[in-house]
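Please look over the model below. The report takes confidence first, then the nonpolar cores, then the backbone.

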Amino acid sequence: HKYPIDRDMNIGTNSVTTKVNELLFEMYGNQKLPEASPERPLVTFLVFGYNQEKYIREAVEGAFAQTYSPIEIILSDDGSTDDFPERLQARYGFTLLRNDRNRGIGYSIRRVIKYGWEHNFDILVIMAGNNKDEPREIPRLVEPILNGRADFVQGARYLPGGNYAEM
């Protein structure tokens, strides 16, 4: 299901989501995620991967740890051979789009873009499941869109400040 599928629902009851609920309560005065608005559109994080349990977990946790809100997360799994995507979804409650078999990154990105059109995404941020993208850069990445200076922004890990050296 979409994270959050219903902004009037609590997001979960296990120990991780309990902590998230507590932080939301502390930040917003309730356990509901903040509503998207024209001033603060919903940012959807697309994390994609294939058989990359460690990196996908880190990418999802990194998306939750960044400072922009409101957010939702979609994991596009390209037919991994284990049940890790479902276990991670049960833990964090994000949307899981799982391909029936390995179809390649292009297919997975096109699938999520189509899903986004159907679900009226405000802003889509694509993050590799290999955890080479830096979620803390998301506010800086979406700022030109929020201020009406751009419709499309692309980060580059090869430019100064990027994490190319850590690859």
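## Confidence

What pLDDT does the chain average? The model is predicted, and the chain averages a pLDDT of 75. Of the residues, 71% score at least 70.

Helix H1, residues 15-28, is lowest, at a mean of 49. Strand E3, residues 95-98, is highest, at 93. Over residues 1-18, pLDDT stays under 50. The model has 46 contacts beyond four places in sequence for that stretch. Residues 27-33 also stay under 50, and the model has 18 such contacts for them.

## The largest nonpolar core

The largest nonpolar core holds 21 residues. Six of them touch the most other members: Val43, Phe45, Val47, Val60, Phe94 and Val125. Which elements each supply at least two residues of this core? The strands are E1 (43-49), E2 (71-77) and E4 (123-128). The helices are H2 (53-65), H3 (84-92) and H5 (138-146). H2 gives the largest share, four residues. In soluble globular proteins, nonpolar side chains tend to be buried together.

Take Val43 and its contacts, leaving out residues up to four places away in sequence. Val43 touches Tyr68, Pro70, Ile71 and Glu72, and also Ile123, Val125, Ile138 and Val142.

## A separate core

Another core lies apart from the largest one. How many residues does this other core have? It has seven residues, among them Phe48, Ile74, Val112 and Tyr115.

## Backbone exceptions

Most residues other than glycine have a negative phi, and most peptide bonds are trans.

Which residues does a cis peptide bond join? The bond links Ser69 and Pro70, with omega at about 5 degrees. Pro70 sits in the loop between H2 and E2. Pro70 is also one of the residues that Val43 touches.

Asn51 has a positive phi, near 50 degrees, although this residue is not glycine. The loop between E1 and H2 holds Asn51. Is Asn51 buried, exposed or partly exposed? Its relative accessibility is 36%, so Asn51 counts as partly exposed.

Asn120 likewise has a positive phi, near 55 degrees, in a residue other than glycine. Asn120 is placed in the loop between helix H4 (105-118) and E4. Is Asn120 buried or exposed? Asn120 is exposed, because its relative accessible area is 64%, and the cut-off for exposed is over 50%.

Conventions
Residues numbered from 1 in each chain as written. Predicted model: local features only at pLDDT ≥ 70, side-chain atom pairs only at ≥ 80, totals over all residues. Heavy atoms only, no water. Core = buried A, V, L, I, M, F, W, Y, C linked by side-chain atoms within 4.5 Å. Buried < 20%, exposed > 50% of the residue type's maximum accessible area, 1.4 Å probe, protein only. Contact = heavy atoms within 4.5 Å. pLDDT = per-residue confidence, 0-100.
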